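Take a look at the two chains below.

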Amino acid sequence: MKKLKKIKIKINGKIKTIIDKLTLYELINDLKIPIAKVAIELNKEIINKKEIKKIKLENNDVIEIVHFIGGG
Amino acid sequence: MKDKLIVANKKFSSRLIVGTGKYKSMNECAKAIKLSGADIVTVAVRRVNISDKNKPLLMDYIDPKKITYLPNTAGCFTSEDALRTLRLAREIGGWKLVKLEVLGDKKNLFPDMIETLKSTEVLSKEGFKVMVYCNDDPLMAKRLENSGASAIMPLAAPIGSGLGILNKTNIMIIRNQTKLPLIIDAGLGQASDATIAMELGCDGVLVNTAIAKAKKPFEMAQAFKNAVIAGRQSYLSGRIDKILMGSPSSPSKGII
């Protein structure tokens, strides 16, 4: 069996190794993040959440996932 | 009550806006907000904790369908950061009504008005309804108004200081020059500070620390609710003129 290629991404400031060609949707699902309650930035560009199934992650991608927390 | 707070054509029953920070727990925060009667709460935009998935979510405690979330750029020190934060906030769920806050100094937390003004212009052009945290300078307030701000939110005193309204004259001057919603933001320490703000003619007040850090947050939330109502009624009732000498309350005719 062919070994799956791995890539490195940075998510919320932390380096993470994932399998190549993983989509943004799959990553977020794996992390069990409720998509409706967050916003996602990929390499400083805000991502339309409707498009995340089409976006394949690449080596050195920088992802930020944010949500609302208590604040003044 | 017909007397509603109107911001960017949206009507709100309560003139008290409360922050959701600094509480001991989400439960305490949610209960204090309920007791305050607020229709609008400010919220911050931060990274999701990807390693601890069981961390409680604000939206599970305060339903954004029932209470208006006002995303805030607290902690931003540049226009770039503030714009990025609010664009992300909009993406979470279509929020267009936002609170802009660009700080200029880490110690006194005063707003950087140059960056604030720049951000207001950009955000207004992008369709945001921007409620702007600002200093209590009438000239700057005018500039914000001309840049498309939806509400002017001057500080009473430094954020979290509890000093109350330090410059009533400036607040009154801003009140007289603008028809935009004028909301006192930051620096209130006790309920009577909110009454004073309302009596000066402000349309609302925003409070966080004074409730969240009170010894009894639930009671203080109610005190602020009542104080805002009292101050608004007092303002609308038209106070008497101030005079130097005494004026008897009983008729002088018929004295025995």
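Predicted model: local features only at pLDDT ≥ 70, side-chain atom pairs only at ≥ 80, totals over all residues.

Residues are numbered from 1 along each chain as its sequence is written, while chains are lettered from A and ligands numbered from 1 in the order in which they are written. Chain B averages a pLDDT of 94, and 100% of its residues score at least 70. For the complex, the predictor gives an ipTM of 0.90 and a pTM of 0.90.

Now the interface. On chain A, 19 residues are in contact with 28 residues of chain B. Contact means that the C-beta atoms of two residues, placed from the backbone, lie within 7 Å. On the chain A side, the elements that give two or more residues are β3 (39-42) and β5 (62-70) of chain A. The largest share, 7 residues, comes from β5(A). The chain A side divides into 10 nonpolar, 5 polar and 4 charged residues. Ala, Val, Leu, Ile, Met, Phe, Trp, Tyr, Cys and Pro count as nonpolar, Asp, Glu, Lys and Arg as charged, and the others, Gly among them, as polar.

What does β5(A) pair with in chain B? Its partner is strand β4 (residues 40-47) of chain B, antiparallel, over 5 bridges. Strands pair if DSSP finds at least two bridges between them. A:His67 stands opposite B:Arg46 in β4(B).

Follow β4(B) into its own chain. Strand β3 (residues 16-19) of chain B runs parallel to β4(B), joined by 3 bridges. There, B:Gly19 has B:Thr42 as its bridge partner. Strand β5 (residues 68-72) of chain B also runs parallel to β4(B), with 5 bridges. B:Thr42 is bridged to B:Leu70 in β5(B).

Why is β4(B) largely enclosed by the rest of the structure? Because 6 of its 8 residues are buried, that is, with 20 or more other C-beta atoms, placed from the backbone, within 10 Å of their own.

How values were computed: Helix = DSSP H or I, 4+ residues; strand = E, 2+ residues; numbered from the N terminus. Buried ≥ 20, exposed ≤ 12 C-beta atoms within 10 Å, placed from the backbone. pLDDT = per-residue confidence, 0-100.
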